[in-house]
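Have a look at the model below before reading on. The notes that follow walk through how its pieces pack.

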Amino acid sequence: MDTWIVVAGALSAVACAIPGNFLVLRRMSMMGDAISHAVLPGLAIAFLMTDSRSGLTMFIGAAVVGLLTAVFTQWVNHFGKVEESASMGVVFTTLFAIGLVIIVRAADHVDLDPGCVLYGAIELVPLDTLVLMGLEMPRVVLTLGIVLIINLLFTVLFFKELRITSFDPNLANSMGVNANLVHYAVMSIVAVTTVACFESVGSILVIAMLIVPPAIAYLLTDRLYVMVPLSAAIAVLCAVLGHVLAIIGPSLVGFGDRSTNTAGMMAVVAGLLFVVTLIFAPRHGVLSRWLHQRSLGLSMLREDVLGLIYRLEEHDPQQTVVAPRVLRQALGIGPLTRGIAMRGLIRAGLMRRRNRLYEITETGRHKARNLVRSHRLWESYLHRHADVLAGHVHPTAELLEHVTTPRMQEELAAGVESSGSDPHGKSIPPPV
Amino acid sequence: MPDLMRVFGHHQNKTHPAAPLGEEHPQNAPLSIDDMTVAYHHKPVLWDIEYDAPEGKLIGIIGPNGAGKSTLIKAVMDLVPRASGRVMIYGKPYAKQRNLVGYVPQRESVDWDFPVNALDVVTMGRYGKIGWCRPVRKQDKDAALHALERVGMADYAHRQISQLSGGQQQRVFLARALAQDAKIYFMDEPFAGVDAGTEGAIIAILQELIQRGRTVFVVHHDLQTVRHYFDELIMLNMRIVARGPTEDVFTQENLKKTYGGKLTLLDEAAQALAEAARR
């Protein structure tokens, strides 16, 4: 019985995540929100008109209203001169309210519970079954399976068109790939998916599964054809972990042996996965960006050490070794940072240890001279061509020396001509 | 002045859109525009455009901000609706000649954080030739790689596009247009925000296209390079102020007419029209 709950959760999560990629990439994440709420009056009207809760009529009713949401949003956006997300807000809240009114007005003979629409009833999934090809399965699983296949086919068949209209609608239109048509196709898919997933997982989870797995995948990859399957895998993970947590979660936090709602836990897991990814993602993650910044800072520091030693040597040619104390005073760094920086320099063969002192190697001296050359060239250049006062050029040059390529150095040298010295009167070392 | 009512109603042409152009237009020019007017929200942005392009020329489109330069090329490619007028590409409506046209939109018009690499973007130039629902073939990949080579970006084929510099992104866009293998190109500010090296590389490629009989339209901003780059000019400020060989039309007088104060009168009239429509 539990298996079917997980299967239903996973199917709806994947069915949502796949079209969700294109909502995220088109910066229309809120459209999922809008459509999933706005279909309520569609469900209610379809029910009132046919007086049946058969899947198909509800489907058509909701899908039509879902599509209308997209159309109305464009109208409000165009004629109301408000931005797209604001017009979505106007449209879906209005439609949702209308839906609520219809349901309440017709409460006597409508067996439709707004609460159920929001949270779903995934625990009831295994109770309503049918037999297909000798296999007894929940009705919902069959519906979700069909929707998932439709979504997969749509995405695979129109992958090219989805990609170009999401990235560059102008070019797509100029080639005859009608971006508007693709937009409404995506909206129809989202509407149909939303309706299909309502019963099992509810609209809140639909919104979460439309947006969160694609957003996680977007942090992890730079290729669209990786992002889509990856988001599907993440969606499955959310469903499985969500169900496990729903069973064991409450006892973990001391609520005894009561289990909680699987759909709700799926959303919680999705949110947690997003936070974890945001921190640890290889390239776009907070941690890796921090590490990158830090390693950049360290490499600048190593270069500053070399520059310092070069200047000391220039001042007093006998001074070929440097004590840790000098580094601390001149560069203002603590023992830990100094240790890391010096180890890097020694490993690169730019410095070596002598007794308790540090000594620059010949390679290190070359590199240092090149740095100081860049630095002083920049000072001269800034002074001469950017009208920076001689007293103010140092900090900028200190930063720019680290990013100066050989070509830039050549251009700088040509720009300041052969004056031979910087604005402070120090000589510019010749090229290495 | 155009018939003002046309600005308010769309496509009220008496003639059939596919009917041949009038006597005054050559029948097989790369681009012929017949009496085109374009309006946004009832405010006319282009008036009475009449134009025939010579074949195999590098044609600059210049004019001040808001002159309708981008709108002109977008209206030609059916990307913005025309209030009136007709456009022919080699004697046929645009919809039938899409495969003859290549387009470089403004670089800022797309999201460079989109999860694709340079090769993916250039391959998009082939989509028009591949057709709906069909997968990208090997020959399309090869064509895209070749186009990247031509703009000197082959080494960056697998680089995610957000990690390219502005100049490199512009080269990728140019490569995509080359992959379209078109006869007539429209490029919207291909030199905006690029370094001197890229600008030189782009102009060399454009000249190579001209050598091979292509016609290239370039929306351009830098007046200093106009004489150097373009054989032909369209000087635009809501209407065509001057057009023809650069040496003939790039004069102080025309520049004054294009950029000077007089045309604000037309702008004022357009504003008044828009306001009248709003009431």
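Helix 15 and helix 16 of chain A cross in the right-handed sense (a crossing is left-handed if the near helix is turned anticlockwise from the far one by less than a right angle, and right-handed if clockwise). Keep in mind that this is a predicted model, where local features need pLDDT of at least 70 and side-chain atom pairs count only at pLDDT 80 or more, while totals for chains, interfaces and linings use all residues. Residues are numbered from 1 along each chain as its sequence is written, and chains are lettered from A and ligands numbered from 1 in the order in which they are written.

**Helix 15 with helix 16, chain A**

- Helices here (H or I, at least four residues) and strands (E, at least two) are DSSP runs, numbered from the N terminus, while axes are lines fitted to C-alpha atoms, for helices over the stretch in contact, with angles from 0 to 180 degrees between N-to-C directions.
- On the helix 15 side you'll find A:H375, A:W378, A:E379, A:L382 and A:H383, meeting A:V393, A:H394, A:T396, A:A397, A:E398 and A:L400 of helix 16 of chain A. Two residues are in contact if their C-beta atoms, placed from the backbone, lie within 7 Å.
- This contact has five nonpolar, four polar and two charged residues. Ala, Val, Leu, Ile, Met, Phe, Trp, Tyr, Cys and Pro count as nonpolar, Asp, Glu, Lys and Arg as charged, and the others, Gly among them, as polar.

**Other helix pairs in chain A**

- Helix 2 (residues 29–50) and helix 4 (residues 84–105) of chain A have axes 8 Å apart and an angle of about 25°, so the two are roughly parallel.
- Helix 2 of chain A passes helix 4 of chain A in a left-handed crossing.
- Residues meeting there include A:H37 and A:P41 in helix 2 of chain A, and A:F92 and A:F96 in helix 4 of chain A. That contact splits into 17 nonpolar, three polar and one charged.
- For helix 9 (residues 179–220) and helix 11 (residues 262–280) of chain A, the axes come within 9 Å and cross at roughly 20°, so these helices are roughly parallel too.
- The crossing of helix 9 of chain A past helix 11 of chain A is left-handed. Among the residues making the contact are A:V201 and A:L220 of helix 9, and A:F274 and A:L278 of helix 11.
- By class, the helix 9 and helix 11 contact in chain A has 17 nonpolar, three polar and no charged residues.

**Hairpin and domains in chain A**

- Strand 1 (residues 129–132) and strand 2 (residues 135–138) of chain A run antiparallel, joined by four bridges. Two strands pair if DSSP finds at least two bridges between them.
- A:L132 has A:L135 as its bridge partner in strand 2 of chain A.
- These strands of chain A form a hairpin with two residues between them, and A:M133 in the turn has a positive phi of about 50°.
- Chain A is assigned domain 1 (2–281), domain 2 (289–360) and domain 3 (365–416), with bounds from an automatic or database domain assignment.
- The C-alpha centres of domain 1 and domain 2 of chain A lie 57 Å apart.

**Sheets in chain B**

- Six strands of chain B make an open sheet in the order 6-7-8-3-9-10, with mixed pairing. Its edges are strand 6 and strand 10 (240–245) of chain B, each pairing on one side only.
- Strand 3 (residues 58–62) and strand 8 (residues 215–219) of chain B run parallel and share four bridges; B:I59 stands opposite B:F217 in strand 8.
- Helix 6 (residues 166–179) of chain B packs on this sheet, touching strand 6 and strand 7 (184–188) of chain B.
- Four other strands of chain B form an open, antiparallel sheet in the order 2-1-4-5, edged by strand 2 (43–52) and strand 5 (92–93) of chain B.
- Strand 1 (residues 31–40) of chain B pairs with strand 2 of chain B over six bridges, and B:M36 has B:I49 as its bridge partner.

**Where the chains meet**

- The contact takes 21 residues from chain A and 19 residues from chain B.
- Strand 6 (101–104) and helix 4 (127–130) of chain B each supply at least two residues of the side touching chain A.
- That side of chain B has 14 nonpolar, four polar and one charged residues.

How values were computed
Parallel < 35°, antiparallel > 145°, perpendicular 65-115°, else oblique.
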